[in-house]
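Trainee: I'd like to learn to read this model by asking you questions. Could you settle the ground rules before we start?

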Amino acid sequence: MNSSCESTISTLLSTNRSPTLLESVSIQTDINVLLREKGHLEARLRDLNAELQKRHAILSPLRRFPTKLLREIFSTMMPSILDEKGRRQLVDLQLVCREWRDTSHLVNGLWSGIEVLPSHTVISYERIPT
């Protein structure tokens, strides 16, 4: 925006006068330029927010959470017998992050309770050749 345009805008804002056709075109051009600049700034702001979020994640207190305590929580929250629902919970727990997966592997109690049921097919041992 040039100084004459600024002067026109200032005059129009301080009065109730309608802009001329030329002033309207000039102001609309300024609006378009400002909208493009705003779009660039919003994109830059999104990028900056994403970078901030990454840095906050690095400082997350969960990163400093003691593994021993995490193992105790896993042992307490998981059922002692891992039926189908319990196995799904265990898988979900392991999908949180690598540290949680590795920690869950260290909790013996989680693995000792896995219940594997036979499939619904009936096996006849009478047909097995000896």
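Mentor: Happy to: two residues are in contact when heavy atoms lie within 4.5 Å. The model is predicted, so local features need pLDDT of at least 70 and side-chain atom pairs count only at pLDDT 80 or more, while totals for chains, interfaces and linings use all residues. Residues are numbered from 1 along each chain as its sequence is written, and side-chain values use heavy atoms, with hydrogens and water left out.

Trainee: How many helices and strands are there in the protein chain?

Mentor: Helices (H or I, at least four residues) and strands (E, at least two) are DSSP runs, numbered from the N terminus. Along the sequence, the pattern reads α-α-α-α-α-α. The count is therefore six helices and zero strands.

Trainee: Which residues does Thr103 touch, not counting those up to four places away in sequence?

Mentor: Start with its setting: Thr103 belongs to helix α5 and, at 3% relative accessibility, is buried (under 20% relative accessible area; exposed is over 50% and partly exposed in between, with a 1.4 Å probe and protein chains only). Its side chain reaches the backbone oxygen of Glu99 at 2.7 Å. Beyond four places in sequence, what Thr103 touches is Thr67, Leu70, Arg71 and Phe74.

Trainee: How far is the C-alpha atom of Leu106 from that of Arg71?

Mentor: Leu106 is also placed in helix α5, and at 47% relative accessibility it counts as partly exposed. Along the chain, Leu106 and Arg71 are 35 residues apart. Their C-alpha atoms are separated by 7.6 Å.

Trainee: How many residues apart in sequence are the parts that the aromatic pair of Phe74 and Trp100 ties together?

Mentor: Rings of Phe, Tyr and Trp (its six-membered ring) pair if their centres lie within 6.5 Å; planes under 30 degrees apart are stacked, over 60 edge-to-face and the rest tilted. A search of the whole structure finds one such pair, the edge-to-face pair of Phe74 and Trp100, at 5.4 Å centre to centre with 65° between the planes. Phe74 is in helix α3 and Trp100 in helix α5, so the parts tied together are separated in sequence by 26 residues.

Trainee: Seen down the axis of α4, within what arc do its buried residues fall?

Mentor: On the other side of α4, Glu84 and Lys85 are exposed, and the cover over its buried residues includes α3, α5 and α6. The arc is taken over the directions from the helix axis to the C-beta atoms. In α4 (residues 84–94), the buried residues are Gly86, Leu90, Leu93 and Gln94. They line one face of the helix because they fall within an arc of 95°.

Trainee: Which residues of α5 make the contact with α4?

Mentor: Axes are lines fitted to C-alpha atoms, for helices over the stretch in contact, and angles run from 0 to 180 degrees between N-to-C directions. The axes of α4 and α5 are 7 Å apart, at an angle of about 135°. Angles under 35 degrees count as roughly parallel, over 145 as roughly antiparallel, 65 to 115 as roughly perpendicular and the rest as oblique, so α4 and α5 are oblique to each other. From α4 come Leu90, Leu93 and Gln94, and from α5 come Trp100, Arg101, Ser104 and His105.

Trainee: Which residues of α2 make the contact with α1?

Mentor: Helix α1 (residues 3–14) and helix α2 (residues 21–58) have axes that come within 11 Å and cross at roughly 105°. That makes α1 roughly perpendicular to α2. On the α1 side the contact uses Cys5, Thr8, Ile9 and Leu12, and on the α2 side Glu23, Ser26, Ile27 and Asp30.

Conventions:
A polar contact is a pair of N or O atoms within 3.5 Å; within protein, one must be able to donate a hydrogen and the other to accept it, and residues adjacent in sequence count only if both atoms are side-chain atoms.
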